[in-house]
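Have a look at it first, and then we'll go through some of its features.

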Amino acid sequence: MSRSTAVLAALMGVILLAGAARAQQDDLDRIPAAPAAAQAGEPEPGQRIYLEDALTLSSNRGGLPVPQPGPGPVDWQERLLLDLRAERKLGDDVSLVYSGRFNLRAENDLSTPDHEEVVNDLREAYVAWRPSGNVYLDLGRINLKSGVALGFNPTDFFKTRSVVEPLSADPSVQREDRLGTLMARAEYIADGGSVSLAAAPAVTHATPIYGTLDLHSFDPSFDRTNAADRFLIKGNLSLSDDVSPEVLLYREGGRTSYGLNVTDTFGQSIVGYLEWSGSRRADLIGDALAYGRATGTLPPQTPDLPGNGARRFRNEVSAGFSYTTESKITLNLEYHFDQASFTRADWKRWFAPGEAPAGELWYLRDYALDRQEPISRHNAFLRMDWVDALVPDLELTGFIDTDLYDGSSLIQLTASYYLNGDWTLGGQVSANAGGRRSDFGSLPQEFATLWQVTRYF
Amino acid sequence: MFKTVLIAALLALGSSALAQDAQEIVAAADRVRNPGEPFRTTITFTEYVGGVERDHDTLVVFSKQDPATRQFRNLVQYAEPARDAGKSVLLDGQSLWFFDPASKSSVRISAQQRLVGQAAIGDVLTVNMAVDYAATLLGTETIQDAGRQPRPCWHLDLVHANDQAVYNRIELWVEQGTFHPIKGKFYSDSGRVLKSIYYRNFQEQLGSVRPVEAVIIDAVDTSLATAVSYKDWRAQEIPDNWFQRDYLPRLQIK
């Protein structure tokens with residue numbers, strides 16, 4: 001080593017040490033002098049209460065290829081809602097759970113005063129009891145959710161008809177305001193797996209699909225959730241630290257469905273998942289027309305539409321993966337397949353003039369929406385969630401749901417800024433994009449914005 | 001030739017002994033941070049931006065060592081802020097699940113995704129570093145602790161030794177004699193410093209003197225610092241079936 005090299009190396013060593021010392025000094029300067037703030041008060045476990053004001057402004061399309069009968073989407077809507085979820089212990093092993101939302105709303109197509117301005121959603125009310133260490137029994141209205149995917153959950157059998165007046169089209173958000181089902185549930189959770197049984201009796205009969213102008217003000221709406229006897233058995237088993245598949249068996253109204261949920265991790269950043277269900281059933285068109293006739297929405301003599309209505313085994317699949325970056329962005333990409341939903345030929349017939357009365361055609365789409373079933377057979381779903389986006393406490397979420405037949409999409413972007421622990425400000429834009437004769441491009445609502453202020457207590 | 005082999009063997013032995021010592025130092029520091037018995041504790045995170053207190057979160061952590069892996073299995077539930085109350089996270093080896101009581105859904109998360117949010121910090125604070133990292137003793141060094149007091153420390157370099165390791169690399173300073181962890185620097189896969197942690201306020205808790213506060217200095221957002229405070233340490237029997245994703249909706253913190 002030459003003298004000059006040695007001097008240079010020594011100099012670099014000194015610079016590095018000085019740099020390290022400076023870095024530590026910088027760290028120490030950023031350490032808060034005072035100890036962490038004392039707790040203001042003990043938080044109430046299991047409880048969340050918030051008051052939210054939400055204003056929606058929409059712009060709607062004219063000249064639809066299939067005119068929509070009846071009132072279209074609102075131009076504006078103002079909602080004030082009080083949301084409460086609470087849990088109270090009645091004893092060492094008994095708890096009472098309540099979850100609900102009280103809505104006041106005004107919109108351009110509601111006259112004042114009108115009972116439609118007040119809507120109370122009873123989401124959950126049940127007693128939870130643990131008779132022994134591993135066994136749990138629940139009785140009451142319970143929101144039982146299944147599935148590992150985000151955009152479409154084929155195994156979420158209790159999702160049908162349960163979502164009430166959602167403020168967002170994001171499936172992750174819609175789950176937050178759905179009605180539970182009146183049921184008895186038993187669950188056994190062991191080390192290495194669990195099994196649960198749920199039985200939901202029919203307590204009333206099926207009713208027509210609700211519009212925005214015929215909602216009940218104070219009614220548990222069991223017609224949405226308990227119009228048929230429903231049974232679910234599901235269990236999961238940990239095959240390894242990484243893999244614990246869940247299998248499901250569901251029966252409703254003479255139809256038996258089978259389901260499977262599997263997840264696995266790939267490296268540090270990726271989770272893959274597959275959700276499948278299958279049952280012997282008619283297609284969406286056949287089911288919708290039968291339901292419309294049974295509930296009186298469609299005349300009894302309404303003829304079947306040409307298509308693929310025969311009862312046979314049909315599959316529903318949601319497969320995808322999540323990927324999280326170092327900069328706190330989580331992306332979910334999913335493929336959705338519903339063998340009962342519209343084929344390309346069904347779409348062609350839906351747009352063909354004179355194929356069927358417009359009311360009947362739109363009823364098919366309302367039925368799919370009410371049951372949270374995709375209207376089209378093949379869809380791609382991309383969702384993004386970015387925590388601390390650009391600035392701390394700003395969260396950006398967005399998704400694109402694309403019909404793979406025609407490339408039309410539902411696009412939504414939401415920004416939530418957590419002002420502090422109590423206040424959140426939110427803004428949202430959504431658009432149904434696509435050609436006039438496409439899935440999303442044929443919907444009456446073209447563009448909508450939503451502005452929210454939320455106060456947590 | 002014999003001399004060369006002998007020297008090489010002695011060097012290898014010496015290096016192995018040093019590595020052994022380094023691993024033991026890290027294990028001793030782990031025992032200072034984490035009780036050996038199952039326990040629960042309440043952790044409050046107070047966030048400072050530019051030195052000004054902005055917000056705080058409170059989590060309740062249930063923790064139990066897995067005898068097979070010697071790593072901690074954690075269940076975390078948010079108590080504050082109000083918007084997150086009741087959200088729970090299962091952090092058990094590769095089994096990482098997030099449960100939101102609002103949507104009633106459990107979502108499986110990746111090791112990277114667990115780092116988004118405060119629950120990850122709660123988890124990282126209980127991680128047994130000696131299990132997931134291979135330690136090398138870099139030397140001894142006197143550094144200033146969080147209170148700017150000089151502490152003679154072992155300076156250790158920890159490199160991830162298995163897939164369970166959340167960070168690619170950690171630099172750790174452990175006080176000589178007491179084995180108190182004083183400071184840690186945590187690196188991402190790309191070699192970037194993510195955060196530094198200073199441990200402070202050592203108190204007798206669950207049978208040993210442990211740090212009941214830590215300060216996390218964010219290296220990515222240089223205006224951000226988080227003070228972490230532990231309270232309400234309790235030894236508690238935690239059944240193994242709690243570490244199931246289906247138990248998350250059943251977890252109660254009272």
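## Chain B at a glance

How many helices and strands does chain B have? Keep in mind that this is a predicted model. Chain B comes with 3 helices and 13 strands.

Now for how its residues are packed. Of the 254 residues in chain B, 50% are buried. If you take the contacts in chain B between residues at least 6 apart in sequence, 47% of them link residues at least 24 apart.

## Where the two chains touch

Chain B puts 57 residues into its contact with chain A, and chain A puts in 53. On chain B's side, the elements giving two or more residues include β1 (39–49), β2 (52–65), β3 (72–80) and β7 (133–144) of chain B. Also among them are β11 (193–205), β12 (208–218) and β13 (224–235) of chain B. The top contributor on this side is β13(B), with 5 residues.

What kinds of residues are these? The side of chain B that touches chain A splits into 23 nonpolar, 21 polar and 13 charged residues.

## Two crossing helices in chain A

Over in chain A, check out helix α4 (residues 284–294) and helix α6 (residues 358–370). Their axes come within 9 Å and cross at roughly 95°. An angle from 65 to 115 degrees counts as roughly perpendicular, so that is how α4(A) and α6(A) sit relative to each other.

From α4(A), the contact uses Leu284(A), Ile285(A), Ala288(A), Tyr291(A) and Gly292(A). From α6(A), Tyr363(A), Leu364(A), Tyr367(A) and Ala368(A) join in. Sorted by class, this contact has 8 nonpolar residues, 1 polar residue and no charged ones.

Note on methods: Residues are numbered from 1 along each chain as its sequence is written. Chains are lettered from A and ligands numbered from 1 in the order in which they are written. This is a predicted model: local features need pLDDT of at least 70, side-chain atom pairs count only at pLDDT 80 or more; totals for chains, interfaces and linings use all residues. Helices (H or I, at least four residues) and strands (E, at least two) are DSSP runs, numbered from the N terminus. A residue is buried if 20 or more other C-beta atoms lie within 10 Å of its own, exposed if 12 or fewer, and partly exposed in between; C-beta atoms are placed from the backbone. Two residues are in contact if their C-beta atoms, placed from the backbone, lie within 7 Å. Ala, Val, Leu, Ile, Met, Phe, Trp, Tyr, Cys and Pro count as nonpolar, Asp, Glu, Lys and Arg as charged, and the others, Gly among them, as polar. Axes are lines fitted to C-alpha atoms, for helices over the stretch in contact, and angles run from 0 to 180 degrees between N-to-C directions. Angles under 35 degrees count as roughly parallel, over 145 as roughly antiparallel, 65 to 115 as roughly perpendicular and the rest as oblique.
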